[in-house]
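Okay, thanks everyone, I'll keep this short. Let me put the sequence and the structure up, and then we'll walk through it together.

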Amino acid sequence: MRKITILFLLPVISIVLWGCPYDSAYGIDETALENIDENLLGSWATFVSKPTYDQQHVEDPVKIIFSKNTDLEYNIAITGYIDELKPYHVITNDTIKGTAYISTVSGKQFLNSFIKGRMYIAEIKRDKNNISILCLAESFTVKFIKNSKELRKEIEFYYKVAATPRYDDFFVAKNLQKVN
């Protein structure tokens, strides 16, 4: 009976985890190695399209604020209508706060965001005056990552073989524009 229960729960758990942002105990680098990009400092805003249960899309404003913590690390604050994140226990007073640093893997920049004891990895894309923060989906790897070197290696492999990277739809902020 226990085997049947496990076989039934395994696909259910897989589906639930498929929709989560990738989080880890490790960043791509063990510590920040690259200087902060001063062009990222300030407030960035966009509207985030969120799917609803009735196949509609709702757009809500989101703002990401980057400030200098050290020469290698940012303080970040994410505000907006982000009620979907409440189950993850990362929101304090309608704001997600943490620190972040940049890592470069295979010519792409990634933001290693440390929030509430977990590291979230997001690709940063730039387009003229806009940036996009694209959180990797939990399903980008099936391996159990044991350290930063393994995470870096897995991201390099993933971007080499994936036709298009898999991002978490609920945790993507596209076309952020700098605001005052």
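So, this is a predicted model, and the protein chain has a mean pLDDT of 80, with 78% of its residues at 70 or more.

On to the overall layout. We've got 2 helices and 9 strands. Going from the N terminus, the order is α-β-β-β-β-β-β-β-β-α-β. If you take contacts with a separation of 6 or more, 57% of them are between residues 24 or more positions apart. And of the 180 residues, 40% count as buried.

Now the inside. The largest nonpolar core has 25 residues, and I64, F66, Y74 and I133 have the most contacts within it. Several strands give two or more residues to this core, including strand 3 (57-68), strand 4 (74-80), strand 8 (130-136) and strand 9 (167-179). There's also a second, separate core of 18 residues, with L136, F140, I145 and L151 among them.

Leaving out residues up to four places away in sequence, I133 touches I64 and F66, plus L111, A122, E123, I124, F171, V172, A173 and L176.

Okay, that's my tour.

Key: Residues are numbered from 1 along each chain as its sequence is written. This is a predicted model: local features need pLDDT of at least 70, side-chain atom pairs count only at pLDDT 80 or more; totals for chains, interfaces and linings use all residues. Side-chain values use heavy atoms; hydrogens and water are left out. pLDDT is the predictor's confidence in each residue, from 0 to 100. Helices (H or I, at least four residues) and strands (E, at least two) are DSSP runs, numbered from the N terminus. Buried means under 20% relative accessible area, exposed over 50%, partly exposed in between (1.4 Å probe, protein chains only). Contact means heavy atoms within 4.5 Å. A nonpolar core is a set of buried Ala, Val, Leu, Ile, Met, Phe, Trp, Tyr and Cys residues joined through side-chain atoms within 4.5 Å.
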